[in-house]
Amino acid sequence: MYVGFVGLGVMGQPMALNLSRAGTPLVVWNRTPGRCDPLRAAGAEVAASPAEVFDRADTVILMLADEAAIDAVLGRGTPGFAERVAGHTVVHMGTTSAEYSAGLLDDIQAVGGRYVEAPVSGSRVPAEQGELVGMLAGDDGPVAAVRSLLTPVCKEMFDCGPVPGALLMKFSVNLFLITMVTGLTEAFHFADRHGLDQRLLRDILDAGPMASAVSRVKGPKLLARDFAVQAAVTNVLENNRLIAEAARKAGLAAPLLDVCHALYGETVEQGHGGEDMVAVLHALETRTALTPEERP
């Protein structure tokens with residue numbers, strides 16, 4: 001009867017809360033136990049270990065930070081992997097390389113499990129509001145079941161064919177997102193250094209054809225220099241790296257992405273990795289302070 005949910009970070013916790021509030025019987029686990037408290041208050045069961053989640057749930061959602069964390073939760077590469085995964089549907093909602101996901105599919109199916117890729121587009125606020133956009137890849141039966149399960153989490157879901165189609169689609173979406181937010185940040189920096197009214201810039205953007213849900217959220221944050229995290233710089237940098245690697249493997253030019261990669265790397269080096277992605281403003285301001293000869 002239970003659905004498992006492992007990984008209650010900035011995105012995972014509100015996603016799991018929406019499932020629980022919609023009546024989904026959840027059993028959850030997180031490496032930092034305190035992140036489980038709101039789920040317990042919402043009626044979810046809290047497991048003592050990932051193994052207990054798999055013991056109690058046929059479908060287990062993973063919203064984990066990286067490939068190492070996924071392998072650890074699944075016991076991949078250990079004798080316990082087959083016992084843990086067999087007969088279960090594993091739903092991978094985080095962001096990893098496409099090659100990793102394809103290999104995970106093979107390993108899970110080889111021991112009698114089912115696998116669905118289900119990355120999402122959106123940040124903390126859409127996650128809280130149940131308005132993420134889901135991308136699904138895998139066999140038809142498991143994908144249909146996961147689509148029904150994720151209704152409280154996603155406002156829309158799209159089938160992206162076989163694995164790793166959903167992750168590659170998310171890379172395409174995030175390439176646009178990263179370059180768009182970086183461009184918006186640079187526009188505010190440009191206006192600021194020319195002595196323009198940044199509130200007026202925000203209003204003009206909101207009134208024009210380039211306005212979007214993203215610009216209407218990130219513009220006020222830039223105006224207020226509000227770097228409270230919605231999508232952390234470290235996560236954006238990791239996404240950027242994965243997309244850049246996928247582009248290189250396919251022989252694609254991605255010059256805008258390469259510039260963004262450098263800027264978000266500089267932002268992390270300056271100590272702003274835990275802030276929202278609009279904190280890339282710090283890297284732009286640092287470059288502006290350099291002489292033209294000193295700039296990268």
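1. Is S20 buried or exposed? S20, which lies in helix 1 (residues 12-21), is buried, with a relative accessible area of 10%; buried means under 20% relative accessible area, exposed over 50%, and partly exposed in between, with a 1.4 Å probe and protein chains only. Leaving aside its neighbours within four places in sequence, S20 is in contact with L26, L39, A42, G43 and A44, where contact means heavy atoms within 4.5 Å. Helices here are DSSP runs of H or I with at least four residues, strands are runs of E with at least two, and both are numbered from the N terminus.

2. A word on the basis of these remarks. The model is predicted, so that local features need pLDDT of at least 70 and side-chain atom pairs count only at pLDDT 80 or more, while totals for chains, interfaces and linings use all residues. Residues are numbered from 1 along each chain as its sequence is written, and side-chain values use heavy atoms, with hydrogens and water left out.

3. The buried residues are G12, Q13, P14, M15, A16, L17, N18, L19 and S20. Helix 1 is followed by G23, which has a positive phi near 100°.

4. Helix 12 (residues 233-249) packs against helix 13 (residues 255-269) at an angle of about 150°, with the axes 9 Å apart; axes are lines fitted to C-alpha atoms, for helices over the stretch in contact, and angles run from 0 to 180 degrees between N-to-C directions. The crossing of helix 12 and helix 13 is left-handed, a term used if the near helix is turned anticlockwise from the far one by less than a right angle, right-handed being the clockwise case. From helix 12, V233, T234, V236, L237, N240, R241, I243 and A244 take part, and they meet L257, C260, H261, Y264, G265, T267 and V268 of helix 13. The residues of this contact divide into nine nonpolar, five polar and one charged, with Ala, Val, Leu, Ile, Met, Phe, Trp, Tyr, Cys and Pro counted as nonpolar, Asp, Glu, Lys and Arg as charged, and the others, Gly among them, as polar.

5. Helix 13 also packs with helix 9 (residues 165-193), at an angle of about 65° and with the axes 10 Å apart, and this crossing is left-handed. Helix 9 contributes L175, I178, T179, V181 and T182 to the contact, and helix 13 contributes L256, L257, C260, L263 and Y264. Eight of these residues are nonpolar and two polar, with no charged residue.

6. Elsewhere in helix 9 lies H189, which is buried, with a relative accessible area of 8%. Not counting residues up to four places away in sequence, H189 touches L281, L284, E285 and T288.

7. A search of the whole structure finds one cavity of 30 Å³ or more, a cavity being a set of points, on a 1 Å grid over the protein atoms alone, where a 1.4 Å probe fits but cannot get out, with lining residues having an atom within 4 Å of a point. The largest cavity holds about 50 Å³ of space, a volume being the space filled by probe spheres set on the points, which are joined across faces, edges and corners. S97, A98, E99, F171, L242, E245, A246 and K249 line the largest cavity. Helix 12 supplies the largest share of this lining, four residues, and the lining divides into four nonpolar, one polar and three charged residues.

8. Two backbone features deserve a check against the model. The peptide bond from V163 to P164 is cis, with omega near 10°, and P164 is found in the loop between strand 9 (154-159) and helix 9. R225, in the loop between helix 11 (213-224) and helix 12, has a positive phi near 50° although R225 is a residue other than glycine. R225 is partly exposed, with a relative accessible area of 41%. Most residues other than glycine have a negative phi, and most peptide bonds are trans.

Key
1 Å grid on protein atoms, 1.4 Å probe; cavity = no way out; pocket = protein on both sides within 12 Å on 5 of 7 lines; lining within 4 Å.
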